[in-house]
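I am opening these notebook entries to keep a record of what I looked up in this structure, and in what order. The sequence and the model come first, and my reading follows.

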Amino acid sequence: MLIGLFEIRDVRYRPPGTEINLLNGVSFSLPEKRFGLIFGRSGSGKTTLLQLIAGLSKPTSGSICIQRYGKDGNPNQLPEVLSPEKVGIVFQFPERYFVADNILDEVTFGWPKQRGGLQLKELLASRLQRAITSVGLNGISLDKDPHSLSGGFKRRLALAIQLVQTPDLLVLDEPLAGLGTKMLFPVLFNQLFHVTNLPNLRYMNYWKARADVVKLLKHLKQELTILVVSHDLK
Ligand SMILES: Nc1ncnc2c1ncn2[C@@H]1O[C@H](COP(=O)(O)OP(=O)(O)OP(=O)(O)O)[C@@H](O)[C@H]1O
């Protein structure tokens with residue numbers, strides 16, 4: 001059986017017009033259908049790396065490719081350059097980039113505008129159905145305004161938007177950012193001292209959003225290769 005690896009080989013990146021390399025010889029590999037985490041302090045270049053992997057900018061040197069290996073562990077063909085169409089990227093705080101006023105338009109925003117044949121329409125409709133189901137949005141009306149969704153459901157929608165494109169690799173920048181981090185103290189305080197008057201439910205909902213997104217990523221990693229960057233190892 002062939003094993004495919006996403007390989008980042010000695011990648012360097014210097015933004016055009018600048019003198020400093022933001023990335024200096026980054027190399028790693030991630031097997032297909034596995035979950036990878038890149039952990040690093042703020043400003044270490046994580047977002048820059050994801051943007052290169054997603055094809056939003058080009059490495060100054062080095063390569064980003066898929067390499068397939070045979071049973072004997074040797075490459076069985078030339079590496080294939082990772083094309084941007086095969087990568088879905090979910091930015092930090094993806095809800096800030098929502099543009100439509102209903103979920104259906106948001107998910108289908110990047111779809112071909114020209115009139116496709118019935119086959120294309122059926123294909124797109126089935127992809128939409130799969131994406132919506134796999135992120136657990138199927139109970140929600142597609143007429144709903146994306147901005148009215150809860151924090152966790154906004155993240156689900158952001159994932160569905162990418163899944164519709166059926167990427168081979170999904171890269172996520174700080175997927176839990178803004179979901180519950182500031183809520184730790186009130187929840188702990190309430191649990192420790194059993195204060196009944198705190199607006200506990202709201203805090204708990206934030207924590208639920210975090211747990212929901214983690215659960216969803218665990219579910220998605222069965223079918224997809226996922227790479228997450230975060231400054232928060234926990
Ligand atoms: N186009 C650019 N020109 C010059 N410097 C840049 C450019 N883009 C990013 N930087 C700088 O490169 C460094 C790495 O940025 P990057 O956003 O990749 O880090 P990060 O690890 O994702 O940080 P955070 O966790 O805070 O998002 C930062 O110091 C940033 O200010």
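Does Ser29 count as buried, exposed or partly exposed, and with how many C-beta neighbours inside 10 Å? I found that Ser29 counts as partly exposed because it has 14 C-beta neighbours inside 10 Å, where buried means that 20 or more other C-beta atoms, placed from the backbone, lie within 10 Å of the residue's own, exposed means 12 or fewer, and partly exposed is in between.

I note here that this is a predicted model, in which local features need pLDDT of at least 70 and side-chain atom pairs count only at pLDDT 80 or more, while totals for chains, interfaces and linings use all residues. Residues are numbered from 1 along each chain as its sequence is written.

**Ser29 and its sheet.** I placed Ser29 in strand S2 (residues 23-31), taking strands (E, at least two residues) and helices (H or I, at least four) as DSSP runs numbered from the N terminus. Leaving aside neighbours within four places in sequence, Ser29 is in contact with Leu5, Phe6 and Glu7, contact being C-beta atoms, placed from the backbone, within 7 Å. Arg9 is 20 residues from Ser29 in sequence and 8.3 Å from it in space, C-alpha to C-alpha.

I then followed S2 into an open sheet of four strands, with the order S2-S1-S4-S5 and antiparallel pairing; two strands pair if DSSP finds at least two bridges between them. S2 and strand S5 (80-81) stand at the edges with a single partner strand each, so one side of each is left without a neighbour in the sheet. Strand S4 (residues 61-69) and S5 are joined by two bridges, and Glu80 in S5 is the bridge partner of Ile66.

**The parallel sheet.** I looked next at an open sheet of four strands whose order is S3-S8-S7-S6, with parallel pairing. Strand S3 (35-39) and strand S6 (87-90) are at its edges, each with a single partner strand, so one side of each lacks a neighbour in the sheet. From one strand to the next the twist averages 15°, with axes fitted to C-alpha atoms (for helices over the stretch in contact) and angles from 0 to 180 degrees between N-to-C directions. Strand S7 (residues 169-173) and strand S8 (residues 225-230) pair over five bridges, with Leu169 opposite Thr225 in S8.

**Helices.** Helix H4 (residues 151-163) lies across S6 and S7 and runs at about 160° to S6. Since 12 of its 13 residues are buried, H4 is largely enclosed by the rest of the structure; Phe153, Leu157 and Ile161 are among the buried ones. Just after H3, Gly136 takes a positive phi of about 75°.

**The ligand shell.** Around the ligand I listed residues including Gly40, Ser42, Lys46, Thr47 and His231, a residue being near if its C-beta atom, placed from the backbone, lies within 6 Å. By class, the shell has two nonpolar, nine polar and one charged residues, with Ala, Val, Leu, Ile, Met, Phe, Trp, Tyr, Cys and Pro counted as nonpolar, Asp, Glu, Lys and Arg as charged, and the others, Gly among them, as polar.

Definitions and conventions: Contact = placed C-beta atoms within 7 Å.
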